[in-house]
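Colleague: Could you walk me through this structure, one question at a time? I am new to this, so please show me how each answer is reached.

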Amino acid sequence: MFMQSQSHTRIITIERHILEEQRIHPEATGVLTSLLYDLALAGKFISSNTTRAGLADILGLTEDVNIQGEQVMKLDRLADETIYRLNDHTGRLAAMASEEHENILPIPDPYPKGKYVLLFDPLDGSSNIDFNTSIGTVFSIYRRKSEAGPGTLEDCLQPGRDLVAAGYMLYSVSTMLVYTSGSGVHGFTLDPNIGEFLLSHADIRIPSKTGYYSVNHGYDRYWSEGVRRFTQHLQGLDGESSGLSLRYIGSMVGDFHRTLLSGGIFYYPADRKDPNKPHGKLRLLYEAAPLAFIAEQAGGYASDGRQNILDIQPESLHQRTPLFIGERELVEKAEEFIRQYDG
Ligand code: FDP
């Protein structure tokens with residue numbers, strides 16, 4: 001018999017954790033568990049490349065322009081392909097959709113089609129790559145709606161309320177994977193020596209009455225009256241609060257991760273800087289909905305300023321939305337200001 005050592009019983013690998021989560025659901029077949037583990041593997045692969053980014057010849061722009069009209073960086077493509085290739089043959093997915101592609105990504109023909117669809121933003125915050133700042137991968141898993149055969153666009157256009165699981169990988173000082181499958185939010189830190197994600201943040205809850213506000217102040221001249229006054233409220237300029245301190249990385253996963261752990265609010269409101277994009281910058285399906293699910297599972301809330309992000313029925317794959325996310329009280333305050341001043 002092995003001696004039960006205190007220190008070893010506290011080491012929980014991501015595999016053990018997702019298997020234990022699976023046991024809470026007796027009806028579970030293990031497919032979701034395996035899918036989450038495949039994503040963790042993709043995260044390790046991307047992490048090993050992002051940490052070598054300054055060394056390898058993979059920095060710089062490719063000549064292509066993605067569907068959002070942004071230049072695609074080489075690491076984006078690598079992350080995109082990694083996730084697709086690690087998941088196209090497993091039989092767990094009916095289809096995938098990536099922020100880097102205009103249409104859904106079918107599962108190639110020799111491979112069986114599964115019961116889930118996977119949506120992902122392979123490398124969020126990519127304008128930060130050249131500056132060695134946090135970047136991340138965001139993923140969302142839905143149960144397919146169609147009965148069988150190849151997955152359809154409708155399988156991917158589901159409201160966040162129907163998410164089965166969502167999470168992100170953060171490539172920063174250390175690499176973290178944070179996910180929820182509907183029973184709390186759990187964070188794992190990659191131990192680069194053994195190549196495994198270990199549970200470091202069990203059952204994360206967004207703290208209240210602390211934290212920072214996080215927004216790109218460079219655009220405040222383009223904001224609505226409601227957003228401007230809400231921001232002044234956060235700064236304490238209306239005399240109703242003592243004022244929060246500001247933090248903004250400009251990498252959504254990094255800004256959200258800090259908000260999740262420290263409290264406060266991150267927002268990317270609608271603005272008037274680009275008349276073609278009146279709905280804000282962030283994508284509902286690839287960015288806002290998965291983070292909204294995580295926020296809600298951690299006791300927080302996410303809104304587009306008027307309604308719960310999780311209740312929005314997406315109409316297209318690349319739909320954009322304003323996003324206010326973090327402590328429930330602060331997000332509700334934003335809604336209050338927008339109702340009052342923006343009609
Ligand atoms: P990026 O363009 O660098 O990929 O949605 C993408 C995103 O980054 C988010 O990660 C980030 O929060 C936001 O855009 C930053 O946009 P601004 O530069 O307009 O603040």
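Colleague: In this predicted model, how many of the 14 residues of helix α8 are buried?

Modeller: Helix α8 covers residues 284-297. A residue counts as buried when its relative accessible area is under 20%. The helix is largely enclosed by the rest of the structure, because the number of its residues that are buried is 13 of the 14.

Colleague: Which residue just after α8 takes a positive phi?

Modeller: Let us step just past the end of α8 and look at the backbone there. The phi angle in question is about 90°, and the residue that takes it is Gly-299.

Colleague: Which strands stand at the edges of the open sheet of five strands?

Modeller: Start with the order of the sheet, β12-β11-β13-β15-β14, where the pairing is mixed. An edge strand has a single partner strand, so one side of it is left without a neighbour in the sheet. The strands at the edges are β12 (245-246) and β14 (301-303).

Colleague: What angle does the direction of helix α9 make with that of β14?

Modeller: Two helices are worth looking at here. Helix α6 (residues 225-234) packs on the sheet, touching β11 (212-214), β13 and β15, and its direction makes about 155° with that of β13. Helix α9 (residues 328-342) also packs on the sheet, where it touches β13, β14 and β15. Its direction and that of β14 make an angle of about 25°.

Colleague: Is His-217 buried, exposed or partly exposed?

Modeller: First find His-217 in the loop between β11 and α6. Its relative accessibility is 21%. Buried means under 20% and exposed means over 50%, with partly exposed in between, so His-217 counts as partly exposed.

Colleague: Which residues is His-217 in contact with, leaving aside its neighbours within four places in sequence?

Modeller: For a sense of scale, the C-alpha atoms of His-217 and Arg-228 are separated by 10.0 Å, and these two residues are 11 apart along the chain. Contact asks for heavy atoms within 4.5 Å. With the sequence neighbours left aside, the contacts of His-217 are Trp-223, Thr-231, Gln-235 and Leu-246.

Colleague: Which element gives the largest share of the lining of the largest cavity?

Modeller: The count comes to one cavity of 30 Å³ or more, and the largest has a volume of about 40 Å³. Its lining is made up of Ile-14, Ile-18, Leu-36, Leu-39, Ala-40, Phe-139, Leu-177 and Tyr-179. The elements that give two or more residues are α2 (14-24), α3 (31-50) and β8 (175-180). With three residues, the largest share comes from α3.

Definitions and conventions: Residues numbered from 1 in each chain as written. Predicted model: local features only at pLDDT ≥ 70, side-chain atom pairs only at ≥ 80, totals over all residues. Heavy atoms only, no water. 1 Å grid on protein atoms, 1.4 Å probe; cavity = no way out; pocket = protein on both sides within 12 Å on 5 of 7 lines; lining within 4 Å. Points joined across faces, edges and corners; volume = space filled by probe spheres on them. Helix = DSSP H or I, 4+ residues; strand = E, 2+ residues; numbered from the N terminus. Buried < 20%, exposed > 50% of the residue type's maximum accessible area, 1.4 Å probe, protein only. Pairing = 2+ DSSP bridges. Axes fitted to C-alpha atoms, helices over the stretch in contact; angles between N-to-C directions.
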